[in-house]
Amino acid sequence: MPAPWERYVAAARAAAGPAASPDPPPAVEPDGADAPAGERAPERARAEARAPERVPAEARAPERAQRADFRLVPSALAGWTAAWVGARIAPSASGLTALGLLTSAVLLLALCRGGRRRSLRAAAVAFALPLLAAAVVLAAAGARMSAATAGPVGQAIAGGATVIAELEVTGEPKALVRPDVHTGSDRVAVAATIRAAASNGLLFEAAAPVLVLGDRAWLALQAGERVRAAGTLREAEPGDSVVATFSPGAPPVKTAAGSLLRPGGGGAGSSPGPQAVRERFRAAAGWLWPEAAGLVPGMVVGDRSAIPAGLNAAMKETGLTHLTAVSGTNCSLVLGAVLLLCRSVRLPRRVAAAAAAAALLGFVWVVGPDASVLRAAVMGGIGLAAVLPGRPGKPGAALCAAVVLLLAADPWLATGYAFVLSVLATAGLVLFGGRCATWLHRWLPGWLARAVAVPLAAQLFCGPVLVLLQPQLTVYAVPANVLTAPLVGVVTIAGTASLVVLPLLPPAAAVLTGAAGVAAQAVGGIALVFAALPGAALPWPEGAGGVALMAALSVAGFCLLAAASHHSAAVSAVRRAGSRAGRAAPRRWLRRRAGLRAAAKYAALFVATALVAAALAAIPVGAGWLKDQRRWTIVACDVGQGDGLVVRTAPHSALVIDAGPDPVPMRRCLDDLAVTTVDLFVITHFHADHYGGTAGVLAGRKVRAALASAAGGPVPKTVDDQLRGAGVPLERASEGRSGTTGSVDWRVLWPVAPLPPPAAVPPNPNDSSIVLNVEAAGSDGSRLSALMTGDIEEDAAARLLARGRLAAVDVLKVAHHGARNGGSDVIRSSRAALALVSVGAGNDYGHPAPATLQALSHFRVQVARTDLQGRIYVDKEAGVLEWSGSK
């Protein structure tokens with residue numbers, strides 16, 4: 001007969017069940033039931049009470065399948081370190097180091113091969129694998145660098161030669177935030193590979209990856225196209241993913257795929273097949289709604305060129321931008337769909353795997369084999385190989401193997417944010433995806449717990465790195481990803497099927513495209529709805545402090561979820577145990593056991609909650625929220641190296657002058673100022689540091705009208721598309737144009753007639769800037785005047801002053817971020833009490849220039865700089881001008 005305390009322990013363990021403890025519940029027979037006769041009955045009862053319950057194999061299999069295997073983590077870290085080093089040292093040094101590491105690994109394995117102790121052999125393998133991984137990655141880095149600079153192209157790069165080059169575009173052109181330091185014109189960066197070149201009368205072939213820094217003519221290019229241009233080569237910095245920068249002196253000329261050595265060799269078949277397929281698919285989706293027409297090509301083949309600017313900004317603020325970048329999710333859906341189709345018609349496993357691999361290769365060919373696509377394909381391929389033998393996969397080992405393989409293929413991935421985020425997101429799913437689903441299952445249905453666990457684990461792991469790219473907290477990222485998860489599969493599978501059948505059966509492709517479009521439109525609607533909610537993107541401290549704060553918040557979130565889940569399980573177990581065996585157990589032991597367990601769980605819950613509360617409490621202090629609640633009439637937003645000014649016209653309404661280079665700071669500024677309506681949006685001139693943040697002005701606000709310089713040349717396509725998409729009319733203005741917007745009177749002082757044709761590019765875009773005189777009402781009705789000068793330079797300023805229309809003002813927005821070429825005549829003539837200098841901290845242009853600061857000091861003008869004071873608030877009360885900064 002078991003003792004009372006033994007029966008209580010058995011009953012308590014049985015009541016707790018598998019939810020409260022990792023141990024299986026025991027099988028306990030009722031006292032005296034079916035007990036054999038004789039003295040062995042008590043021993044048998046006690047043994048059965050201690051024996052674990054038999055769990056069916058099918059119930060244990062998922063746990064084994066999800067168990068992470070990270071024995072290759074040292075190899076992945078060694079390969080990552082080797083990639084970082086190999087990108088910064090000479091190819092010969094990489095080769096010698098790789099040879100030394102390889103020799104060490106082989107000797108280590110050879111010495112321990114004949115050993116009798118199994119543990120010694122296992123330790124040798126554990127040390128040798130990281131050495132081998134580092135050797136492979138270093139050798140790959142050296143070989144790639146050596147091949148890229150071999151021959152005459154290396155000499156041309158080292159000598160900074162001017163060449164006529166034939167380039168193959170390998171990346172999407174991107175407009176840079178900073179204009180050219182010499183000409184002030186916009187710059188475009190394009191990744192390309194020099195396939196052939198001519199220098200000093202010598203023709204040669206090459207395979208040198210370069211970064212092209214050209215003008216806006218390069219924006220029209222697409223990946224896969226070949227162009228010819230003359231320009232200057234400059235050696236890149238150590239660690240860059242290219243071997244040189246190429247500065248063209250003229251617009252690119254599209255050419256066939258034949259090289260300079262074989263003119264016309266491309267012939268009719270030289271047009272890039274993948275590019276033609278993408279263009280045809282984009283055209284096939286053009287009949288959909290504007291949001292769907294942009295999202296379907298983006299979510300299927302990574303073509304984001306047609307996504308409206310407002311939707312693009314909304315997806316950034318809701319954590320959905322990864323949907324328009326080809327990732328492991330796309331590859332997994334393609335692989336899964338092909339495997340399911342093949343197995344449904346009873347094809348053998350290996351045949352199905354071959355078909356899936358062929359589909360994956362075709363998908364990569366269409367999308368374009370850039371780094372992100374290859375990264376996703378490698379992960380999908382490793383997952384396919386793990387499934388082949390019919391054994392459960394090991395996602396941890398697959399992740400580490402993918403890291404080593406990808407770094408061997410492209411060592412420069414080691415320093416890319418995209419690669420880091422991909423690895424972190426996958427690690428989050430492998431390490432905590434299943435655990436999060438288990439914890440959440442205590443309160444949510446199983447399917448919903450799994451749907452929430454995937455984006456939650458990925459978001460918490462990636463958060464510390466994301467704040468380096470974009471210092472903000474996307475509050476609704478998890479629910480937005482949960483709602484869009486089922487739609488992503490529809491878009492990817494239906495869109496990919498449409499891509500395949502489009503050349504053969506256009507009507508069927510139209511039906512599939514329509515199905516993908518409906519789901520994509522729903523994705524866009526979810527992004528826009530969540531982005532319009534209050535606090536969709538909260539500001540976050542930048543730099544190391546922001547990373548540490550986000551890491552603390554992520555850890556605290558995991559601890560809080562785990563503690564709450566385990567606390568709930570522990571309380572339920574103790575209650576069930578007490579109800580079943582309360583009378584049989586000693587009350588004192590019961591209270592002590594239950595009290596200790598509850599105290600431990602409560603302590604863990606309290607600590608995790610305190611960490612979350614501390615992190616959340618630090619957000620407003622670190623981001624400056626508490627400083628933003630102040631009176632203002634004019635605000636110079638801290639947008640970096642650019643201009644972004646706001647003039648209050650009414651409560652929650654404003655006149656906005658320029659938008660800075662990036663939508664996020666501009667939107668954050670307007671959100672913090674509670675501006676919901678922009679009565680007039682003025683773009684002083686068409687340089688990216690003045691219009692690049694247009695999407696931030698438009699997002700979540702009603703913009704009534706826009707104004708641009710009549711002498712500024714053609715409207716950039718991005719600006720035109722953004723304004724048209726938001727239904728904002730754009731007018732061109734010159735001297736004499738005036739108006740009243742709410743409590744603000746404004747008048748255009750520059751540019752003046754004669755004006756060039758609208759399509760003509762001005763010789764100096766800075767001198768085409770709108771110069772605006774503004775008179776606004778201070779907080780008590782006092783009139784506050786300001787002169788907004790754009791980037792006007794000294795020659796145009798002299799012509800403006802010669803017209804005699806410049807009156808004294810309270811506030812001067814210093815021209816061209818305080819550059820020397822703005823002169824000092826406007827500073828002298830404006831007789832301003834306060835000068836606003838909108839400039840980026842640590843900029844490469846030396847703005848503001850010492851001569852400009854000296855002139856401001858000479859005329860006794862107070863200076864407020866956004867690089868030093870942050871966001872600047874200006875007001876006038878009782879005739880007294882007041883200003884303050886956010887820093």
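Cys462 counts as buried at 8% relative accessibility, where buried means under 20% relative accessible area, exposed over 50% and partly exposed in between, using a 1.4 Å probe and protein chains only. Cys342 is buried too, with a relative accessible area of 8%.

Before going on, keep in mind that this is a predicted model, with residues numbered from 1 along each chain as its sequence is written. Local features need pLDDT of at least 70, side-chain atom pairs count only at pLDDT 80 or more, totals for chains, interfaces and linings use all residues, and side-chain values use heavy atoms, with hydrogens and water left out. As for pLDDT, that's the predictor's confidence in each residue, from 0 to 100. The protein's mean is 77, and 76% of its residues reach 70 or more. Over residues 263-272 pLDDT stays under 50, and it also stays under 50 over residues 581-587.

Back to the cysteines. The structure holds one disulfide, meaning a pair of cysteine sulfur atoms within 2.5 Å. Cys637 and Cys669 form it, with 2.1 Å from S to S. The pair links distant parts of the chain, 32 residues apart: Cys637 sits in the loop between β10 (634-636) and β11 (645-650), and Cys669 in helix α21 (residues 663-672). Helices (H or I, at least four residues) and strands (E, at least two) are DSSP runs, numbered from the N terminus. The link is left-handed, with -70° about the S-S bond. Cys637 counts as buried at 0% relative accessibility, and Cys669 does at 1%.

Now look for an open sheet of seven strands, in the order β17-β18-β19-β20-β21-β22-β23, with mixed pairing. Because β17 (738-741) and β23 (862-865) stand at the edges with a single partner strand each, one side of each is left without a neighbour in the sheet. From one strand to the next, the twist averages 20°. Strands of a sheet pair through backbone hydrogen bonds, either parallel or antiparallel. Here two strands pair if DSSP finds at least two bridges between them; β17 and β18 run antiparallel and are joined by four.

Arg747 is the bridge partner of Ser738, and it's partly exposed, with a relative accessible area of 34%. Not counting residues up to four places away in sequence, Arg747 touches Arg737, Ser738, Val771, Leu772, Asn773 and Arg805, a contact being heavy atoms within 4.5 Å. Leu772 is 25 residues from Arg747 in sequence, and their C-alpha atoms are 5.8 Å apart in space.

Terms used: Axes fitted to C-alpha atoms, helices over the stretch in contact; angles between N-to-C directions.
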